[in-house]
Amino acid sequence: MRSTLAKAVVAGNLREVDRQAALFLHRLAGRQCPDELLLVTALASKAVGDGHICLPLEAVAGREMFAPDAQCRFPDRQSLRDKLFSSGVVGNEEDHYPLILDKVDRLYFARHYRAEKLIAEDLLQRSQGILPIDPAKVSGAIGGLFPDGEVKDRQRIAVAMAVLKRFVVISGGPGTGKTHTVARIIALHQMLATEKLRVELVAPTGKAAARLEESIARARKAMGTESTDEVPAEAKTLHRLLGFNPGTGMYRYDEKNKLHLDLLVIDEASMIDVELMAALLSAMPPYAKLIMLGDKNQLTSVEAVSYTHLTLPTKCR
């Protein structure tokens, strides 16, 4: 089976890092380890390299792989499950094993499973319920932010939703007014607050943060209201916000040392990989609002980013 993996690497069906991941898990499992663990670990690693964070067993069970260079066939789905659980390195959602096989037969590396679970639980919690507001006060404030003659119903709706929810996603292509909308969201929150809110603007990369600063500057100029000064002019990278230490690979802010903010705006959210998103949400205070901007058809992450556990209520999508 080791030769099968080596041939698959030579043929370009696997990366060398995929083969090494499989060999490492095989060594952990010991001599009684089934050959199927080698194959499925290599394919799970390849899936991560392709931008996914899990390998559905249905994608490989009963199928022939790596043909014609290095042929091998997986057993049926139930037999494959049994063999993986018998290996000693694969567990279910509640276990602490290097590989996790969930209840619908998706195979994860443990760190990706934990990150995705944290993301799902945090965002679902933030999306629950409606925050109390004074409708007349909010309506009047929104009217002031959108002067007569500006027909921007979708932007008005987004601004209103942001007042009602702790978690909001604003999606749209270039030129659809995402940044102008979020500037008005921030201004509205400052109008309604009893004291000045702590607001941060962030993006995944330095280049994206610079673009966000430019867009916010144009939005501030276009607003022309007293609340313009309440909208931050500076945007940061996520790593800078979290206080990333390249020497240790750790963040200054985490689940034990929360960020000091009331509202966080993330631009180009589609670029955030699953582990960075988990680190961010771990550091977010539970009361803070999270607004994510992006375009699903643009700027994908360079790391694994599929949040397969996440199912938000329809009205929040």
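Modeller: Helix α5 lies across β5 (99-101) and β6, running at about 105° to β6. Contact means heavy atoms within 4.5 Å, axes are lines fitted to C-alpha atoms (for helices over the stretch in contact), and angles run from 0 to 180 degrees between N-to-C directions. Helices (H or I, at least four residues) and strands (E, at least two) are DSSP runs, numbered from the N terminus.

Colleague: Before we go on, what kind of model is it, and how are residues numbered?

Modeller: This is a predicted model, in which local features need pLDDT of at least 70 and side-chain atom pairs count only at pLDDT 80 or more, while totals for chains, interfaces and linings use all residues. Residues are numbered from 1 along each chain as its sequence is written, and side-chain values use heavy atoms, with hydrogens and water left out.

Colleague: Fine. Which sheet do β5 and β6 belong to?

Modeller: They belong to an open sheet of 4 strands in the order β1-β6-β5-β4, with mixed pairing; two strands pair if DSSP finds at least two bridges between them. β1 (55-56) and β4 (90-91) stand at the edges with a single partner strand each, so one side of each has no neighbour in the sheet. β1 pairs with β6 (residues 106-109) in the antiparallel sense over 2 bridges, and P56 stands opposite R106 in β6.

Colleague: Back to α5, then: is R126 buried or exposed?

Modeller: R126, which is found in helix α5 (residues 110-126), counts as buried because its relative accessible area is 4%. Buried means under 20% relative accessible area, exposed over 50%, and partly exposed in between (1.4 Å probe, protein chains only).

Colleague: What does R126 touch?

Modeller: Not counting residues up to four places away in sequence, R126 touches R166, F167, L281, M284, P285, P286 and A288.

Colleague: Changing topic, where does D76 sit?

Modeller: D76 lies in the loop between β3 (72-73) and α4 (77-85), and it counts as partly exposed because its relative accessible area is 42%. The side chain of D76 reaches the backbone nitrogen of Q78 at 3.2 Å, and, leaving aside neighbours within four places in sequence, D76 is in contact with A61 and G62.

Colleague: And the other sheet, how many strands does it have?

Modeller: That open sheet has 5 strands in the order β7-β13-β12-β8-β9, with parallel pairing. Its edge strands are β7 (167-171) and β9, each of which pairs on one side only. Neighbouring strands of this sheet are turned by 25° against each other on average, direction ignored.

Colleague: Which helices go with it?

Modeller: Helix α8 (residues 178-192) lies across β7, β8, β12 and β13 (289-294), running at about 165° to β13. Helix α9 (residues 206-223) packs on the sheet and touches β8 and β9, with its direction making about 170° with that of β9.

Colleague: How covered is β8?

Modeller: In strand β8 (residues 199-203), 5 of its 5 residues are buried. In a regular strand the side chains alternate between the two faces of the sheet. In β8 both faces are covered, with V199, L201 and A203 on one side and E200 and V202 on the other.

Colleague: Who are the partners of β8?

Modeller: β8 pairs in the parallel sense with strand β12 (residues 263-266) over 4 bridges, where V199 stands opposite L263. It also pairs in the parallel sense with strand β9 (residues 235-237) over 3 bridges, where the bridge partner of V202 is K236.

Colleague: Last one: how many aromatic pairs turn up?

Modeller: A search of the whole structure finds 2 aromatic pairs. Y108 and Y113 form an edge-to-face pair, 5.3 Å centre to centre with 75° between the planes, and both are buried. F244 and Y251 form a tilted pair, 5.3 Å centre to centre with 50° between the planes. Rings of Phe, Tyr and Trp (its six-membered ring) pair if their centres lie within 6.5 Å; planes under 30 degrees apart count as stacked, over 60 as edge-to-face and the rest as tilted.

Definitions and conventions: Polar contact = N/O pair within 3.5 Å; in protein donor to acceptor, adjacent residues only side chain to side chain.
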